[in-house]
Amino acid sequence: MMIKKISKERFKKLFDELKEEYNIAAPILKDKGKEKILEYDFINDFDQIVWDRQPDSSPKNIIFPQNSMLGNDYKGSKYYDDNLSTIIMGVRSCDIEAVKVFDQVFIEDDSYIDDSYKNRRDKTIIMGISCAEREDSCFCDSLGLDPIESDYAPVYIFKDEDEFFIKIKDEKYEDLFEDLPKGDQAQLKALKKQRKEEFNESSFSLDIPTPLPEKEMFEADIWEEMTEKCLGCGVCTYYCPTCYCFNFFWEGEDGESTKYKSWDSCMFSSYSVHASGHNPRDSKGKRYRNRIMHKFSYHPLNYEGLACVGCGRCIDRCPVNLDIREALKMTEEYLLEEGGDESGKD
Amino acid sequence: MADSNEFEPKIAAFLCTWCSYAAADLAGSSRTQYPPNIRVMRVPCTGRLDPFLIIKAFNMGADGILISGCHPGDCHYLDGNLYARRRFVMLNELMQYAGVEEERLNFTWCSASEGKRFAGVVKKAVDRVKTVGPWMGFDGQGFSKEEGDLINEQL
Amino acid sequence: MSNYDSISQEISEIAKKLLKESKVDKVIGFGLGRFTKEITPIFIKKAEDADRLIFNKNCEMSLTKYLLNYKGEKVAIVAKPCDSRAINAYLSEDLIKREDLVIIGINGCPGIEGNTACEECNIRNAVICDYSVGQEMSEEEIQAEIEGFEDEIDKMNQAERLAYFQNEFERCTRCYACREACYVCNCEQCFTDSNKPKWLGESVKLNDNFTYHLMRGIHMAGRCVNCGACEMACPEGIDVRAFAAKMCSAAEEIFDYKSGMDPEQKTLLSEYKVDDSEKGFME
């Protein structure tokens, strides 16, 4: 492990050095009509990076592009070169854990390795950044994650006003940062401790078993009530850093076509329609059940850890403010009630 | 032969089978010349024309469209073209608002006896589309050569 | 201008009464979320919960579409003036039954924060209701509210407009939030999900995005009530309402038609007049 401490100017210089050899993606403000949205994209200028708040969308766009034509994923991105590796800067704890979910599914699962994902991922270095304060909808610590530091990123940035601590955890990348002035470990430790104390208490606490009991929750009668207001759009899944469902399709006519891979969403009514026309998930409640159960039951059953990282983007972006925390609270209350009943029966 | 570099538009023409298609026939059998730029699609009635088909024609690389049906009051199905008329007025408003040149959208009526008029209409439509040049698609990217061939085949 | 607190109180009282007397099974209205403290649609089933109902400038969702989920049940709904027009449209299309429905209409709607549709809205009183809350706005007051509104896009030239919409639709992710939030979009199968004919591709490319919005736009002709729910729902802040709004203004200008004003009214494109306008036709 190596710890470095640098000023903003020095970081800028480092950035300019790195961009010669890497594609660099980081959260930048994008003008979107009425508002500005903080989003990850390939950049060329250090000063564009916004460090101080959670980006509005996750780095999913970079490691798992919405549309890929296999090998031609970032067509039109000015600062992307296919021959170079990519550094994603300023990724928060929640999003790093989300990358872990992707890796578990697409790489570590021996039954099938997704080559296009693996190639992209092998050429990606994630530089995390420590969170300084809670956003309204964040709840990663309620799910047992640490917003200050995640172990999954090989390089981590701690921004202290205009200075940056850089912690290099993976020896592989030490060369890149060799020349930088050394940082004091005790100082960093103190900063982390101070952050932890400052990090205000979440209003949301959760006490559910993980994985959620599969059969019991599948048959629970709370789903329809939970999703009464759901519109059935795909916003929550598109902005979710861990939702990885995808679809293949071919476009073109008369014998010539291109195969595309693009995101799918379990919230679309057409998601699980069979060729016969039968739809096993024919209501919003059943679809939302799949979303929650995938994150809190099926994923932990098959891999490790939850597939929800508590970033709160689905809460921010939902057109009707359907709150996943409310859904989880309802689940908790349901299990509390039912659990009591069942122990009585046994 | 005119200058081969001159832009020759492809115009998707939707003609109602009872009047305008017959008018096109009449123009042919009476040897009235009209420009060969139109690709005729016969529809039972202009009332059958979903505005989507028109949008789709643009998506397939048509430089303009020409829609012609029976004169109001003469519809074989009594009022098909009257429903269609409102639809086209609204579509026209929408397309122009979206930034499609009005010259690309040509709506008119032609009865079965108006072979001469039909030839005139086609000529006028072609001239109109010529003034605004090739259609580059909604994304402004244009259409590739292969796409162009495909469209020629299909239209 | 109506006072939000008094409107909220009136709504709660009416809801309480309706539920107590079992006139309805459910009241659909606006309330606060449990954690976010943001406005969200709520469904009140018990009279004692009726106090949760509120109304303020952030009540941006259109609740009308939820009525389709409760066919055959007796429900009450809190309706902004635009929602009341949408309810009329549903009644005219026979999608819901008037006798199953209790409408709590809001008069003197002050507009929703951030919703640009409200800047041009001249229907500020509920057009159909059983109970009305708030103070009715007079014609002069309404004119004062919308004064100075101009359609910026209309003033652009053709190339500028095309560029403007290309720039907007470039960032569409096709999550279909606009479609799902829209009361008009209640087709059993949307054209976007249709395989045969396949109207547009599934990949998120500018051409397909543009086509999607254009096709949605023409479907709005004579049906859109310009409530702005689509625009409020869009997570990318795209001007998705523009085409629909144009269809509204064109219908009014050319055919003197305003959708949802009367439950007996036919939709614009399902009727005709012999002397209809031929605006835009070739000579």
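How far apart do the C-alpha centres of domain 1 of chain A and domain 2 of chain A lie? In this predicted model, the separation between the two centres is 27 Å. The domain assignment of chain A places domain 1 at residues 2-198 and domain 2 at residues 214-345. The contact between them draws 26 residues from domain 1 of chain A and 23 residues from domain 2 of chain A. On the side of domain 1 of chain A that touches domain 2 of chain A, strand 4 (67-68) and helix 3 of chain A each contribute at least two residues, and helix 3 of chain A gives the most, with 8 residues. When the residues of that side of domain 1 of chain A are sorted by class, 13 are nonpolar, 9 are polar and 4 are charged.

In chain A, an open sheet is formed by 7 strands, which follow the order 1-8-7-6-5-2-3 with mixed pairing. Strand 1 (2-7) and strand 3 of chain A stand at the edges of this sheet, and each has a single partner strand, so one side of each is left without a neighbour in the sheet. On average, and with direction ignored, neighbouring strands of the sheet are turned by 25° against each other. Helix 3 (residues 93-108) of chain A packs on the sheet, where it touches strand 5 and strand 6 (124-129) of chain A, and the direction of this helix makes about 130° with that of strand 5 of chain A.

With strand 5 (residues 85-92) of chain A, by contrast, strand 2 of chain A pairs in the parallel sense over 4 bridges, and here A:Ala25 is partnered by A:Ile88 of strand 5. A further antiparallel pair is made by strand 7 (residues 155-160) and strand 8 (residues 163-168) of chain A, over 6 bridges, with A:Ile157 standing opposite A:Ile166 of strand 8.

A:Leu206 lies in the loop between helix 6 (185-198) and helix 7 (214-218) of chain A. A:Leu206 has 16 other C-beta atoms within 10 Å and is therefore partly exposed. Apart from its neighbours within four places in sequence, A:Leu206 is in contact with A:Ser142, A:Leu328 and A:Glu332. Between the C-alpha atoms of A:Leu206 and A:Glu21, which are 185 residues apart along the chain, the separation is 44 Å.

Chain B and chain C meet in a contact to which chain B brings 33 residues and chain C brings 33 residues. On the side of chain B that touches chain C, at least two residues are supplied by each of helix 2 (51-59), helix 3 (80-98), strand 4 (105-109) and helix 4 (115-132) of chain B. The largest share of that side, 13 residues, comes from helix 3 of chain B. By class, the side of chain B that touches chain C is made up of 16 nonpolar, 7 polar and 10 charged residues.

Chain C also contains an open sheet, in which 5 strands follow the order 2-1-3-4-5 and the pairing is mixed. Its edge strands are strand 2 (39-44) and strand 5 (131-133) of chain C, each of which pairs on one side only. Neighbouring strands of this sheet are, on average and with direction ignored, turned by 25° against each other. Strand 1 (residues 26-32) and strand 3 (residues 75-79) of chain C run parallel and are joined by 3 bridges, with C:Lys26 opposite C:Val75 in strand 3. Helix 1 (residues 4-20) of chain C packs on the sheet and touches strand 1, strand 2, strand 3, strand 4 (101-106) and strand 5 of chain C, its direction making about 150° with that of strand 1 of chain C. Helix 2 (residues 81-92) of chain C lies across strand 3 and strand 4 of chain C and runs at about 150° to strand 4 of chain C.

A helix pair is also found in chain C, where helix 5 (residues 158-169) and helix 7 (residues 206-219) pack at an angle of about 105° with their axes 9 Å apart. Helix 5 of chain C is therefore roughly perpendicular to helix 7 of chain C. In this contact, C:Phe165, C:Gln166 and C:Phe169 of helix 5 meet C:Leu206, C:Asn209, C:Phe210 and C:His213 of helix 7, and the residues divide into 4 nonpolar, 3 polar and no charged.

Technical notes. Residues numbered from 1 in each chain as written. Chains lettered and ligands numbered in written order. Predicted model: local features only at pLDDT ≥ 70, side-chain atom pairs only at ≥ 80, totals over all residues. Pairing = 2+ DSSP bridges. Axes fitted to C-alpha atoms, helices over the stretch in contact; angles between N-to-C directions. Contact = placed C-beta atoms within 7 Å. Buried ≥ 20, exposed ≤ 12 C-beta atoms within 10 Å, placed from the backbone. Nonpolar A, V, L, I, M, F, W, Y, C, P; charged D, E, K, R; others polar. Domains from an automatic or database assignment. Parallel < 35°, antiparallel > 145°, perpendicular 65-115°, else oblique.
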